[in-house]
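Hi everyone, thanks for making time today. I'd like to walk you through a few places in a structure that may be new to you.

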Amino acid sequence: MEVNANKPSAPESENSDKRLAVKLGDVELKNPVIPASGCFGYGYGMTEYYDINVLGSISFKGTTLHPRYGNPLPRVAECEGGMINSVGLQNPGIHAVIAEELPKMRKAFDGPIIANISGFSVDEYRECCRLIDGEEQVSIIELNVSCPNVHGGGMSFGTCPDSVAEVVKAVKEVSSLPVYVKLSPNVTDIVSIAKAAEDAGADGLCLINTLLGMRIDLKTRRPVVANTMGGFSGAAVFPVAVRMVWQVAHACKIPVIGCGGVTTADNVLEMMMAGARAVEVGTANLINPWACPEIIENLPAAMDRYGIGSLEELKI
């Protein structure tokens with residue numbers, strides 16, 4: 001995927017439209033646009049393209065207790081309307097993130113940071129969240145419950161209401177930060193999972209994570225990615241994401257961050273009309289590094305087209 005490195009930088013953050021301001025509980029964002037975890041690294045690497053302080057927030061790369069190399073190569077397959085990835089949570093581990101990555105983020109970005117935390121046992125989730133609690137600028141913990149539970153037969157935490165509740169309760173015991181649970185769409189009943197998280201004490205929800213997908217190379221007759229299957233994301237999943245956000249937002253009382261296939265300002269408004277309070281942008285960043293600032297820049301005009309005075313009035 002080619003990008004134009006000579007593209008003009010986005011407008012400075014001071015020029016942001018006050019109508020775009022939103023709140024996730026007590027956390028205030030200047031606008032609802034958040035680069036999704038795994039599609040923006042730790043943010044500071046994007047400063048060569050634009051002032052990342054135009055963003056509402058940043059959800060940093062999924063972090064585990066111990067460093068991970070990730071899955072074997074190849075890890076990515078292009079698809080119509082999206083891509084499949086099987087990166088496997090490659091990250092330097094929570095200690096290195098706190099000691100090395102967060103200071104770089106603080107220097108480049110002055111807004112609230114969302115810490116995406118993953119784990120392969122309840123104890124790993126709890127320890128990661130205990131360590132990140134109280135770190136400067138980290139305003140929200142985002143629990144990725146799509147990891148396989150190594151003590152539960154390898155099934156994802158996010159596919160079982162009881163497992164989700166167990167993780168949330170454990171994390172809430174050690175963290176003073178708001179805890180948002182990023183839900184997997186690879187379930188029969190997304191509402192039951194969301195309600196389990198809410199009942200266990202979650203402060204908010206984020207959905208959707210990637211759908212499970214697969215591509216086969218016709219020449220080799222083998223799967224394109226080494227791990228056979230991976231997470232399918234991109235514009236093609238947007239209708240699924242909107243449907244699930246609508247279902248969950250109308251069933252739960254806690255805030256919802258919408259995610260999945262968002263590529264335009266109109267998509268942001270649609271997601272918020274479905275019930276999202278803020279919106280994460282994922283795969284679009286990998287195609288166009290200016291995707292987020294372009295969406296932010298286009299939001300006021302889109303709001304004017306549909307007679308929207310402020311984004312807060314879309315709150316359900």
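**A short tour**

Let's begin at the surface: Leu-212, Met-214, Ile-216 and Met-229 make up a nonpolar patch there, and together they have about 380 Å² of accessible area. Please keep in mind that this is a predicted model. To find Met-229, look in the loop between β13 (222–223) and β14 (230–233).

Now please turn to strand β9, residues 179–182. Val-179 and Val-181 point one way, Tyr-180 and Lys-182 point the other way, and all of them are buried. In a regular strand, side chains alternate between the two faces of the sheet.

Which strands pair with β9? Strand β8 (residues 138–144) does, in the parallel sense over four bridges, with Asn-144 opposite Lys-182. Strand β10 (residues 204–207) pairs with β9 as well, also parallel, over three bridges, and here Lys-182 stands opposite Cys-206. Between β9 and β10 the chain passes through helix α4 (residues 190–199), and this β-α-β crossover is right-handed.

My last stop is strand β5, residues 76–79. Its covered face carries Ala-77 and Cys-79, while Val-76 and Glu-78 are on the uncovered one. β5 pairs with strand β6 (residues 82–85) in the antiparallel sense over four bridges, and Val-76 sits opposite Asn-85. The two strands form a hairpin with two residues between them, and Gly-81 in the turn has a positive phi of about 75°.

Key. Residues numbered from 1 in each chain as written. Predicted model: local features only at pLDDT ≥ 70, side-chain atom pairs only at ≥ 80, totals over all residues. Heavy atoms only, no water. Buried < 20%, exposed > 50% of the residue type's maximum accessible area, 1.4 Å probe, protein only. Pairing = 2+ DSSP bridges. Right-handed = clockwise from strand over helix to strand, strands pointing away. Patch = residues over 30% accessible without salt bridge, like charges linked within 9 Å, V, L, I, M, F, W, Y side chains within 5 Å. Areas by Shrake-Rupley, 256 points an atom, 1.4 Å probe, with all protein chains shown as cover. Salt bridge = Lys/Arg side-chain N within 4 Å of Asp/Glu carboxyl O.
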